[in-house]
Amino acid sequence: MPLENPFYTAEMQGEFDLVGLGRFELEEGGVIEDLQLAVATYGELNADRSNAILVPTWFSGTHATWWQVYLGAGRALDPATYFIVVVNQIGNGLSTSPHTTDDPAIAMSKFPKVRIGDDVRAQEQLLREHFGIERLALVVGGSMGAQQTWEWAVRYPDKVLRAAPIAGTAQNTPHDFLFTQALMDAITSDPGWNGGEYAAASDVAAGLARHADIWAIMGLSTEFWRSGFWRDIPPVVEGLGWDDFEGFQQNFTRLLFGLMDPNALLSMGWKWQRGDVARHTDGDLAAALGRITAKVFVMPIDEDMFFPPRDCEAEQQLTPGAELRVLHSIAGHFGLFGFEPSYLEEVDQHLRELLETPV
């Protein structure tokens, strides 16, 4: 039976709806008999359904960061203007996931392999069948959400008018594959993981802590740590602050990842490693990106150590009409959390320009 985890509740993440898609066949051959997508919407769909924006979620993330950090009145993603649909990816702890399903055939260690393409196909079905949306004004996502954004633009070129992949690539790199494997090995090396059949996420606390420590090294930049920028970041839990960098490591990265489900992280990690739009064109990345008709702003973060701007620029140059818009954050990849007002201003500036671009 499903494992309870308060991290994956509306109280922690914000309100959402579970929308059933029925039987869903996966690209790797598995089946989810009753796929449930956790969906949060903001704003109203206009009469001709032309104001829809899709936001896919990133590794370990949910819709929470989007409504907390990126959406709001006067922002580029303003619910007063757009109908914004944030879809939690399969296996992230809110949509159908290893520890949430009541189907014993796919629970825990039996959860099937899910690909980025499965998420995008499920999102397309959701938008078409549940909301009657056939075309999107914009798809925007960060990290693994950027992988899904690229997949949308390549797989459904006629359905995507604009795309903004933030801090993520269309084709995962060997470096990213190895980094993600280290994250996964940190979890599975814990005896409490028990082959994926643990009784509670807390059984894998040591593995989750090692997982978090790898993120502290790679997810945050060397300048973030050297400068002491971490001193002014609000605590995750009231009263659990920090006086030194090791305290930040304990009460931010370890605390945050320690709340999550190990199998959910592993499911997403496997998917992340294999993100590659060139699967559509027999391995030819240029041919895959050449299928894109959307107006694309490629938006890497300057201090990101595993989606560096040079990797993103190489893909931008293969994408017809795409523009490179480098974001600046001392936090590196974790700049996605929106620690700096200047970073959020840049994101809004670029997204506003993109949304105002005729297509």
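**Figure 1. Asp348 and Arg75, a buried pair in a predicted model.** Asp348 is buried, and Arg75 is buried as well. The structure shown here and in the other views is a predicted model. The two side chains form a salt bridge, 2.4 Å from N to O. Asp348 belongs to helix 12 (residues 341-356), whereas Arg75 sits in the loop between helix 2 (64-70) and strand 4 (83-87), so the bridge ties together parts that lie 273 residues apart in sequence.

Figure 2. Arg23 is partly exposed because its relative accessibility is 47%. Glu124 and Arg128 make another salt bridge, at 2.8 Å from N to O. Both residues lie in helix 3 (residues 116-130); they are four residues apart, so about one helical turn separates them. Glu124 is buried, at 8% relative accessible area. Arg128 is partly exposed, at 32%. Elsewhere, shared partners link Glu27, Asp118, Arg121, Glu151, Arg155 and Arg279 into one salt-bridge network.

Figure 3. Helix 8 covers residues 245-258. Its 14 residues should span 20 Å at 1.5 Å a residue, and the end C-alpha atoms are 18 Å apart, so the two values agree. Buried residues of helix 8 are Gly247, Phe248, Gln249, Asn251, Phe252, Thr253, Leu255, Leu256 and Phe257. These buried residues pack against helix 6 (205-218) and helix 7 (222-227).

**Figure 4. The largest pocket.** This pocket has a volume of about 710 Å³. It is lined by 24 residues, and those closest to its centre are Thr65, Gln68, Val236, Leu256 and Phe337. Helix 1 (10-13), helix 2 and helix 8 each give two or more residues to the lining. Helix 2 gives the most, with four residues. By class, the lining holds 17 nonpolar residues, six polar and one charged. Leu256, one of the residues closest to the pocket centre, is also among the buried residues of helix 8.

**Figure 5. The largest cavity.** The whole structure holds three cavities of 30 Å³ or more. The volume of the largest cavity is about 120 Å³. Trp58, Phe59, Ser60, Ser143, Trp215, Phe257, His333, Phe334, Leu336 and Phe337 line this cavity. Seven of these residues are nonpolar and three are polar; none is charged. Phe257 is a buried residue of helix 8, and Phe337 is among the residues closest to the centre of the largest pocket.

**Figure 6. The second largest cavity.** About 70 Å³ of space lies in this cavity. Its lining consists of Glu27, Arg115, Ile116, Gly117, Glu151, Arg155, Arg274, Gly275, Asp276, Arg279 and His280. Helix 3 and helix 4 each give two or more residues to this lining.

Figure 7. Most residues other than glycine have a negative phi. Ser143 has a positive phi, near 60°. This serine lies in the loop between strand 5 (138-142) and helix 4 (144-155). Ser143 is buried, at 3% relative accessibility, and lines the largest cavity. Asp282 also has a positive phi, of about 55°, and is not a glycine. Asp282 is placed in the loop between helix 9 (262-273) and helix 10 (285-289). Its relative accessible area is 82%, so Asp282 counts as exposed.

**Figure 8. Asn263 and its contacts.** Asn263 is part of helix 9. Its relative accessible area of 6% makes Asn263 buried. With neighbours within four places in sequence set aside, Asn263 contacts Pro98, Met108, Ser109, Trp193, Gly196 and Tyr198.

How values were computed:
Residues numbered from 1 in each chain as written. Predicted model: local features only at pLDDT ≥ 70, side-chain atom pairs only at ≥ 80, totals over all residues. Heavy atoms only, no water. Expected span 1.5 Å × (residues − 1). Buried < 20%, exposed > 50% of the residue type's maximum accessible area, 1.4 Å probe, protein only. Contact = heavy atoms within 4.5 Å. Salt bridge = Lys/Arg side-chain N within 4 Å of Asp/Glu carboxyl O. 1 Å grid on protein atoms, 1.4 Å probe; cavity = no way out; pocket = protein on both sides within 12 Å on 5 of 7 lines; lining within 4 Å. Points joined across faces, edges and corners; volume = space filled by probe spheres on them. Nonpolar A, V, L, I, M, F, W, Y, C, P; charged D, E, K, R; others polar.
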